[in-house]
Amino acid sequence: MHTVLTRGNATVAYSLSVLACLTFCCFISTVFLDYRTESKINTVKILVKNVPDYGASREKHDLGFLTFDLQTNLTDLFNWNVKQLFLYLTAEYKTKENELNQVVLWDKIILRGENTVLDFKNMNTKYYFWDDGTGLKNNNVTLYLSWNIIPNAGLLPSVFAHGSHWFKFPEHYSVSAV
Ligand SMILES: *[C@@H]1O[C@H](CO)[C@@H](O)[C@H](O)[C@H]1NC(C)=O
Ligand SMILES: *[C@@H]1O[C@H](CO)[C@@H](O)[C@H](O)[C@H]1NC(C)=O
């Protein structure tokens with residue numbers, strides 16, 4: 001009885017360490033790969049409004065609207081340790097108040113086996129592009145694509161694509177309905 005239990009424990013411990021080693025090898029074989037790739041971003045429609053925030057203050061803030069094109073080929077990113085990609089589009093700009101403002105405007109999950117050649121046209125943003133003041137009007141904004149890789153094993157860093165897009169919001173607020 002005693003020896004059976006001991007042997008059972010040893011077997012479990014051995015299998016676990018083999019499994020851990022395999023997992024580690026899986027991780028280490030992919031951690032140094034270059035996960036960057038080209039992306040092409042373009043803006044189609046750009047306008048900015050000055051509208052009351054939904055908050056209690058009802059203070060007016062800048063709200064940007066844009067539609068964009070996005071082209072990228074993520075095929076090479078899907079090696080055997082990649083389970084899914086979490087893509088997101090970030091807008092980055094500078095205001096008097098803040099040296100760096102970053103707003104995530106859009107995101108998408110790409111699962112293994114799904115289409116990895118993306119060619120989106122005239123897309124709406126998924127999230128509101130609010131500024132906390134009036135920092136959008138007549139300001140320069142850079143858009144870029146990044147992704148987090150969700151691996152089968154280990155941790156992989158978030159990656160920025162090569163290629164970003166620069167645009168400028170109009171000098172005047174738009175008053176028409178979008
Ligand atoms: C995407 O990349 C893969 C691998 O590099 C390549 O085989 C394929 O032709 C590319 N597709 C397009 C539409 O560029
Ligand atoms: C936006 O970029 C242009 C060209 O680089 C520059 O001349 C202009 O001063 C910039 N405007 C702001 C508000 O940063």
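Buried residues account for 37% of the 178 residues in the chain. Here, buried means under 20% relative accessible area, exposed means over 50%, and partly exposed lies in between (1.4 Å probe, protein chains only). The model is a predicted one: local features need pLDDT of at least 70, side-chain atom pairs count only at pLDDT 80 or more, and totals for chains, interfaces and linings use all residues. Residues are numbered from 1 along each chain as its sequence is written, chains are lettered from A and ligands numbered from 1 in the order in which they are written, and side-chain values use heavy atoms, with hydrogens and water left out.

The chain contains one helix and eight strands. Along the sequence the pattern reads α-β-β-β-β-β-β-β-β. Helices (H or I, at least four residues) and strands (E, at least two) are DSSP runs, numbered from the N terminus.

Four of the strands form an open sheet, in the order β4-β3-β7-β8, with antiparallel pairing. Its edge strands are β4 and β8 (158-168), each of which pairs on one side only. On average, neighbouring strands of this sheet are turned by 20° against each other, direction ignored. For this angle, axes are lines fitted to C-alpha atoms, for helices over the stretch in contact, and angles run from 0 to 180 degrees between N-to-C directions. Two strands pair if DSSP finds at least two bridges between them.

Strand β3 (residues 82-93) has nine of its 12 residues buried, so it is largely enclosed by the rest of the structure. Antiparallel pairing joins β3 to β4 over 10 bridges. Within this pairing, Glu92 has Gln102 of β4 as its bridge partner. β3 is also joined to β7, by 11 bridges, again with the strands running antiparallel. Val82 stands opposite Pro151 in β7. Strand β7 (residues 140-151) is in turn joined to β8 by eight bridges, and these two run antiparallel. Val141 has Phe167 in β8 as its bridge partner. In a regular strand the side chains alternate between the two faces of the sheet.

Aromatic contacts were examined next. A pair of aromatic rings is described by the distance of the centres and the angle of the planes. Rings of Phe, Tyr and Trp (its six-membered ring) pair if their centres lie within 6.5 Å; planes under 30 degrees apart count as stacked, over 60 as edge-to-face and the rest as tilted. Phe68 and Trp106 form an edge-to-face pair, because their ring centres are 5.8 Å apart and their planes stand at 75°. This pair links distant parts of the chain: Phe68 lies in strand β2 (residues 60-73) and Trp106 in strand β4 (residues 101-111), 38 residues apart. Phe68 is buried, with a relative accessible area of 0%. Trp106 is buried too, at 4%. One aromatic cluster is formed by Tyr93, Phe129, Phe167 and Phe169.

Strand β2 also holds Leu66. Leu66 is buried, with a relative accessible area of 6%. Its C-alpha atom is separated by 5.2 Å from that of Lys45, 21 residues apart along the chain.

Two backbone positions stand out by their phi. Most residues other than glycine have a negative phi, and most peptide bonds are trans. Asn122 has a positive phi of about 55° although it is not a glycine. Asn122 belongs to strand β5 (residues 117-124) and is partly exposed, with a relative accessible area of 43%. Asn138 likewise has a positive phi, near 60°, and is not glycine. Asn138 sits in the loop between β6 (129-130) and β7. Asn138 is partly exposed, at 39% relative accessible area.

Asn138 also takes part in the surroundings of ligand 2, together with Asn139, Asn140 and Trp166. A residue is near a molecule or strand if one of its heavy atoms lies within 4 Å of it. An oxygen atom of ligand 2 is 2.3 Å from an N or O atom in the side chain of Asn140. On its own, ligand 2 has 360 Å² of accessible area, of which the protein covers 32%. Accessible areas come from the Shrake-Rupley method with a 1.4 Å probe; for residues, only the protein chains shown count as cover.

Ligand 1 is surrounded by Asn73, Thr75, Asp76 and Val117. An oxygen atom of ligand 1 lies 2.3 Å from a side-chain N or O atom of Asn73. For the side chain of Asp76, the corresponding distance from an oxygen atom of ligand 1 is 3.1 Å. Ligand 1 exposes 370 Å² when taken alone, and the protein buries 36% of that.

Key. Polar contact = N/O pair within 3.5 Å; in protein donor to acceptor, adjacent residues only side chain to side chain.
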